[in-house]
Amino acid sequence: MTNRVLIIDDDPLIRSIYKTALESKYTIKEAQDAIQGMESIISFKPDCVLLDNMMPGQTGFTMLNEMRKKLLDRPTVIFISGAMTEELRKNALVLGAILCFDKSAINTATLFHAVECALAAKAAMEHNKATA
């Protein structure tokens, strides 16, 4: 079964770049804001979410907090911000993001490997739950 990746970013160019980097191996769905993103998480049931922070309306950080409160079965989240600070990174990790990147420091190869690592970590956690 192919893993599903949801890209939540208000910038269509960024979504296109991420999609191109990942679509050879994953089933991709895109959302342009947090509202559409939450709807897509419920309907698409992604294994991994690439979540931008700075979006109109609701920020990715707020959405991450909402996911933590409302969803029992949360996808693995890679949190991405164009203005990443250590405080934002720490808070995103506390709320459940598995990885955090500054947009300026991520390229398509790094993105691909980040998704691979996030999905491997999710599989290991699920295996540990099943055998506990």
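What is the volume of the largest cavity? In this predicted model, the largest cavity has a volume of about 30 Å³, and the structure holds one cavity of 30 Å³ or more.

The strands form an open sheet of five members, arranged in the order S2-S1-S3-S4-S5 and paired in parallel fashion. Strand S2 (27-31) and strand S5 (97-102) lie at the edges, each pairing on one side only. On average, neighbouring strands of the sheet are turned by 20° against each other, direction ignored. Strand S3 (residues 48-52) and strand S4 (residues 76-81) run parallel and are joined by five bridges. Across this pair, Asp52 stands opposite Ile80 in S4. Helix H1 (residues 12-22) packs on the sheet, where it touches strand S1 (4-8), S2, S3 and S4. The direction of helix H1 makes about 170° with that of S2.

The largest cavity is lined by Ile7, Ile8, Asp9, Tyr18, Leu50, Leu51, Asp52, Ile80 and Lys103. The greatest contribution comes from S3, with three residues. Asp52 and Ile80, which stand opposite each other, are both among the lining residues. By class, the lining comprises six nonpolar and three charged residues, with no polar residues.

How values were computed: Residues numbered from 1 in each chain as written. Predicted model: local features only at pLDDT ≥ 70, side-chain atom pairs only at ≥ 80, totals over all residues. Heavy atoms only, no water. Pairing = 2+ DSSP bridges. Helix = DSSP H or I, 4+ residues; strand = E, 2+ residues; numbered from the N terminus. Axes fitted to C-alpha atoms, helices over the stretch in contact; angles between N-to-C directions. Contact = heavy atoms within 4.5 Å. 1 Å grid on protein atoms, 1.4 Å probe; cavity = no way out; pocket = protein on both sides within 12 Å on 5 of 7 lines; lining within 4 Å. Points joined across faces, edges and corners; volume = space filled by probe spheres on them. Nonpolar A, V, L, I, M, F, W, Y, C, P; charged D, E, K, R; others polar.
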